[in-house]
Amino acid sequence: MFRDDIRNGISHADYVLWDDGLRLRNRNGGYAKTLTFFDVSEALTRAVGFFEILEEYNGLSVRSFNPAKEIVGRFSANFPMPWTVSWNSETGTFSISGSSPGPVITPVYQRQTEVNDLLGGKVLATYRKKIDPSTYEVDQYIRSLGFEPNDVVLENDRFDLLVAQVNRGKLWDDCGLLHDRGKVLIASPWGFQWLDSSLDFDKVLPEPLVDFQVV
């Protein structure tokens, strides 16, 4: 969705428009690269389409807070507290407000914090005892869809301790049914699930709200 060559050329006014397309100079010299007008048009279509999808998802998320919802969370390094998140359908305003009552911790907050810690700063994390052809196939499939999970290989004892932690903290993803022990343990913001094959990964994420195709 992002062409750094087009971005750099336009940003630095370092391009030439000719009858055969857009010519972009290479930073390290050599012949300029030529993009046909079709290539440029396709790149713009993808970029505009991406932001249209992003705007649509943002709108769907915002509108889901009518009626308002109370969420216990925190901003930056501040302590957790209740926040009221709301969207007013009449005025179109979206707001997040709190009364600063002091630290508040709920079981839901504790569970989500534990899941987030095990994600390792990414949207997805995969845990396995070892890498073998079957788990490699699952990993390649996930990456082919554009994800770059935090991939962790643990020794047998440490892996079993992780599974025990997931059971103890009830960190399983309630949206899915993949709780029977499999080959790869995957974490998402919703919790943990087992994967036996690449097809199981399609059950981890919810169905897309918007489908966009470039023809």
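This report describes a predicted model, moving from its confidence to a helix, a sheet and some aromatic pairs.

Residues are numbered from 1 along each chain as its sequence is written, and side-chain values use heavy atoms, with hydrogens and water left out. Because the model is predicted, local features need pLDDT of at least 70 and side-chain atom pairs count only at pLDDT 80 or more, while totals for chains, interfaces and linings use all residues.

**Confidence.** The pLDDT, which is the predictor's confidence in each residue from 0 to 100, averages 87 over the protein, and 93% of the residues score at least 70. Helices (H or I, at least four residues) and strands (E, at least two) are DSSP runs, numbered from the N terminus. Confidence is highest in strand β5 (residues 81-87), with a mean of 95, and lowest in helix α6 (residues 198-201), with a mean of 83.

**Helix α1.** In helix α1 (residues 4-11), the buried residues (under 20% relative accessible area, with exposed over 50% and partly exposed in between, for a 1.4 Å probe and protein chains only) are D5, I6, N8 and G9. Seen down the axis of α1, these residues fall within an arc of 165°, taken from the directions from the helix axis to the C-beta atoms, so they line one face of the helix.

**The sheet.** Strands of a sheet pair through backbone hydrogen bonds, either parallel or antiparallel. Here four strands form an open sheet of mixed pairing in the order β8-β7-β9-β10, where two strands pair if DSSP finds at least two bridges between them. Strands β8 (150-153) and β10 (191-195) stand at the edges with a single partner strand each, so one side of each has no neighbour in the sheet. Strand β9 (residues 184-188) pairs with β10 in the antiparallel sense over five bridges, and I186 has Q193 of β10 as its bridge partner.

**Aromatic pairs.** A search of the whole structure finds eight aromatic pairs; rings of Phe, Tyr and Trp (its six-membered ring) pair if their centres lie within 6.5 Å, and planes under 30 degrees apart count as stacked, over 60 as edge-to-face and the rest as tilted. Two of the pairs involve W194, as the table shows.

| Pair | Centre distance | Plane angle | Type |
|---|---|---|---|
| F159 and W194 | 6.0 Å | 50° | tilted |
| W172 and W194 | 6.3 Å | 35° | tilted |

F159 lies in helix α5 (residues 156-168) and W194 in strand β10, so their pair ties together parts that are 35 residues apart in sequence. W172, in the loop between α5 and β9, is 22 residues from W194. W172 is buried at a relative accessible area of 12%, and W194 is buried at 4%.
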